[in-house]
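Trainee: I would like to learn how the words used for a structure follow from its numbers. Could we go through this one step by step?

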Amino acid sequence: MEFILDLLASDVGEEEILEDYQHITKADIHACLRYAARCHRNEIYLELKSEA
C-alpha cells in the first residue's frame, strides 16, 4: 500500500503503475487512495504554543 502511494506521490500515473506492476489492479490503487483518505480524515491537529 505504501509503495503504491509513494508511486502516485512521485507523479507516476495510474496507467504506468498498471503496466509496470501487472500484479497490481486498478481496484488495488483505488483501495490505497481510500485508505489514505480515511487515515487523513481521522487525524487531529493541535496548535501548540510555546511558553516564553
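Trainee: Why is Phe 3 called partly exposed?

Mentor: This is a predicted model, and every value we discuss is computed from it. The relative accessibility of Phe 3 is 42%. Buried means under 20% and exposed means over 50%, with partly exposed in between, so Phe 3 at 42% counts as partly exposed.

Trainee: What makes Phe 3 and Tyr 21 an edge-to-face pair?

Mentor: The structure holds one aromatic pair. The ring centres of Phe 3 and Tyr 21 are 5.1 Å apart, and the planes of the rings stand at 85°. Rings pair if their centres lie within 6.5 Å, and planes over 60 degrees apart count as edge-to-face, so with 5.1 Å and 85° this pair is edge-to-face.

Trainee: Which parts of the chain does this pair tie together?

Mentor: Phe 3 belongs to helix 1, residues 2-9, whereas Tyr 21 sits in the loop between helix 2 (14-20) and helix 3 (26-41), so the pair ties together parts that are 18 residues apart in sequence. As for Tyr 21 itself, its relative accessibility is 28%, and the residue therefore counts as partly exposed.

Trainee: How many helices and strands does the chain have?

Mentor: The chain has three helices and zero strands, and from the N terminus on its elements run α-α-α.

Trainee: How do you know what the radius of gyration of the chain says about a compact globule?

Mentor: We set the value against the rule: a compact globule of 52 residues would have a radius of gyration near 10 Å, but the chain has 16 Å. Of the 52 residues, 15% count as buried, and the accessible surface comes to about 4700 Å², of which 52% belongs to carbon and sulfur atoms.

Trainee: How far apart are the mean positions of the positive and negative charges?

Mentor: The chain has 5 positive and 12 negative charges, and their mean positions are 12 Å apart.

Trainee: What makes Arg 41 exposed, whereas Arg 38 is partly exposed?

Mentor: Arg 41 is found in helix 3, and Arg 38 is also found in helix 3. The relative accessibility of Arg 41 is 61%, so Arg 41 counts as exposed. Arg 38 has a relative accessible area of 46%, and therefore Arg 38 is partly exposed.

Trainee: How far is Arg 38 from Phe 3 in space?

Mentor: Their C-alpha atoms are 17 Å apart in space, and Arg 38 and Phe 3 are 35 residues apart in sequence. Another such pair is Glu 2 and Ala 36, which are 34 residues apart in sequence and 9.3 Å apart in space, C-alpha to C-alpha. Glu 2 has its place in helix 1, and at 61% relative accessibility Glu 2 counts as exposed.

Trainee: Why is the phi of Asp 11 worth a remark?

Mentor: Most residues other than glycine have a negative phi. Asp 11 has a positive phi of about 65° although it is not a glycine. Asp 11 lies in the loop between helix 1 and helix 2, and with a relative accessible area of 72% Asp 11 is exposed.

Note on methods
Residues are numbered from 1 along each chain as its sequence is written. This is a predicted model: local features need pLDDT of at least 70, side-chain atom pairs count only at pLDDT 80 or more; totals for chains, interfaces and linings use all residues. Side-chain values use heavy atoms; hydrogens and water are left out. Helices (H or I, at least four residues) and strands (E, at least two) are DSSP runs, numbered from the N terminus. The radius of gyration is taken over C-alpha atoms; the globule rule is 2.2 Å times the number of residues to the power 0.38. Buried means under 20% relative accessible area, exposed over 50%, partly exposed in between (1.4 Å probe, protein chains only). Accessible areas come from the Shrake-Rupley method with a 1.4 Å probe; for residues, only the protein chains shown count as cover. Lys and Arg count as positive and Asp and Glu as negative; His and the chain ends are not counted. The place of a charge is taken as NZ of Lys, CZ of Arg, CG of Asp or CD of Glu. Rings of Phe, Tyr and Trp (its six-membered ring) pair if their centres lie within 6.5 Å; planes under 30 degrees apart count as stacked, over 60 as edge-to-face and the rest as tilted.
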